[in-house]
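Student: I should like to learn how to read the features of a structural model. Could we work through one together?

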Amino acid sequence: MQTPADPVVAAAPAAANPACVVNCAVYAPDGRKQNILLDDISEVLAVDDGSFVWIGLYEPAAEVLAQLQEEFCLHDLAIEDAGKAHQRPKIEAYGDSLFIVANTAQAIDERIAYGETHIFLGARYLVTVRHGASLSYAPARQRIEREPELMAMGAPAALYAVLDAIVDNYLPIVDDFKTTLNALEQDIISEQFHRGIVIRLYQLKRELTYMRVAVTPLQDVLSQLVRSSSPLIPSDAKLYIRDVLDHSVRINETIDAIRDILGTALGVNQALVTLTQGEIVKKLGAWAALLAAPTLITSWYGMNFHGMPELDERYAYPVLIGGVGVVMVVLYRMFKKARWL
């Protein structure tokens, strides 16, 4: 007697991290990477084998931040800041962890959009929380995966890679500003007024001012990391962070130089336009004076007075015409010599 076939039981779907979790992996000291779930973090950290966990989040939900707070014992104030964003660049120590805030920038449709990256650094973990305009840190992860000497430093190496990526993302934006400024140079020194050029110069200076506000505080954060006595930042890592600081200083100096050039360009353009307008006014004034002289003379004899004896002279008219011509020639030579014409 045949027995019915056993019913097919559907396999349960594999667990996955929330969509806001861009990356969640454990890195061994030799560079080996293994993707893990948030729920497996405790098990990974329970084994003290020199590995560290690197988690990347983008605008995470409150539940995800709460889970990470429980896993890593993060401070309430740091979690609150990471959830709300709109924080100034800073570095704060909370027990055995550091909380770092850095501004990010991204060029979108010839405008600069700004975002934030909040970083939690511990002995065996690095958590990055991105908000707003911010490029992925996948290239930073791939970079240290290819460099064993960096990977051997653990979580501080990941911190260096993230900070270096943030600063390096400023470079193409600054280069675009320099390219745009060079393209506008001929129009800037033009003697004619171009409303669009002035507006563009103002927009560039405004964008650079906003960028300076984002870049300058990061120097203070990097300086504090270089001088930090925290055991989370070993001396080997400070050498790399110091290099990021140097890049940040150069970018800030370049921004200041471009802002100064833009300010000078606005002044030069305004001065050239003013000089050109002055020359035009001078020419108009000279021609007006040339026209005023004969107008004054002819109107004087156009008053139809009877007691003007020179009107009865035979050659009065040609003498008047000659006198007007002489006055015109004298005025013209005077204005020409004064370079009004």
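Predicted model: local features only at pLDDT ≥ 70, side-chain atom pairs only at ≥ 80, totals over all residues.

Student: Which residues of helix H2 are buried, and how are they arranged around the axis?

Tutor: The general idea comes from helix geometry. An α-helix has 3.6 residues a turn, so residues three or four places apart point the same way. In the present case, helix H2 covers residues 62-72, and its buried residues are Val-64, Leu-65, Leu-68, Gln-69 and Phe-72. They lie on the same side of H2, because the arc they cover around the axis is only 140°.

Student: What do the buried residues of H2 pack against, and what does the opposite face carry?

Tutor: The buried residues of H2 pack against strands E1 (21-27), E3 (52-58) and E7 (125-132), together with helices H1 (41-46) and H3 (76-84). On the face turned away from the buried side, the exposed residues are Ala-62, Glu-63 and Glu-70. Just after H2, Cys-73 adopts a positive phi of about 55°.

Student: How does one check the length of a helix, taking H10 as the case?

Tutor: One compares the expected span with the distance between the end C-alpha atoms. Helix H10 runs over residues 316-337, and at 1.5 Å a residue its 22 residues should span 32 Å; the end C-alpha atoms are 31 Å apart, which agrees.

Student: Which residues of H10 are buried, and which are exposed on the face turned away from them?

Tutor: Val-324, Leu-331 and Phe-335 are the buried residues of H10. Seen down the axis, these residues fall within an arc of 35°, so they line one face of the helix. The face of H10 turned away from the buried side carries Val-319, Val-326, Arg-333 and Lys-337, which are exposed. Helix H9 (235-300) is included in what covers the buried residues of H10. After H10 comes Arg-339, with a positive phi near 60°.

Student: Where does UniProt place the feature "transmembrane region", and what is the helix content there?

Tutor: An annotation from a record should be kept apart from what is computed from the atoms. The UniProt entry, which is unreviewed, places "transmembrane region" at residues 284-303 and 315-335. In the model, residues 284-303 are 85% helix and 0% strand, with end C-alpha atoms 28 Å apart. Residues 315-335 are 95% helix and 0% strand, and their end C-alpha atoms lie 30 Å apart.

Student: Is Asp-164 buried or exposed, and which residues does it touch?

Tutor: Here one reads the relative accessible area, for which buried means under 20%. Asp-164 lies in helix H6, residues 155-168. Asp-164 is buried because its relative accessible area is 4%. Leaving aside residues up to four places away in sequence, Asp-164 touches Arg-143, Val-244 and His-247.

Student: Which charged ends sit over the rings of Trp-54 and Tyr-137?

Tutor: The charged end of Arg-141 sits over the ring of Trp-54, 6.0 Å from its centre. For Tyr-137, the charged end is that of Arg-130, 5.9 Å from the ring centre.

Student: Where does Pro-89 lie, and which residues does it touch?

Tutor: Pro-89 lies in the loop between H3 and strand E4 (90-94). At 12% relative accessibility, Pro-89 counts as buried. Beyond residues up to four places away in sequence, Pro-89 touches Val-101, Asn-103, Pro-217, Leu-218 and Val-221.

Terms used. Residues numbered from 1 in each chain as written. Heavy atoms only, no water. Helix = DSSP H or I, 4+ residues; strand = E, 2+ residues; numbered from the N terminus. Expected span 1.5 Å × (residues − 1). Buried < 20%, exposed > 50% of the residue type's maximum accessible area, 1.4 Å probe, protein only. Arc of directions from axis to C-beta. Contact = heavy atoms within 4.5 Å. Lys NZ or Arg CZ within 6 Å of the ring centre and 35° of its normal. UniProt positions renumbered as here; feature names shortened; annotations may be inferred.
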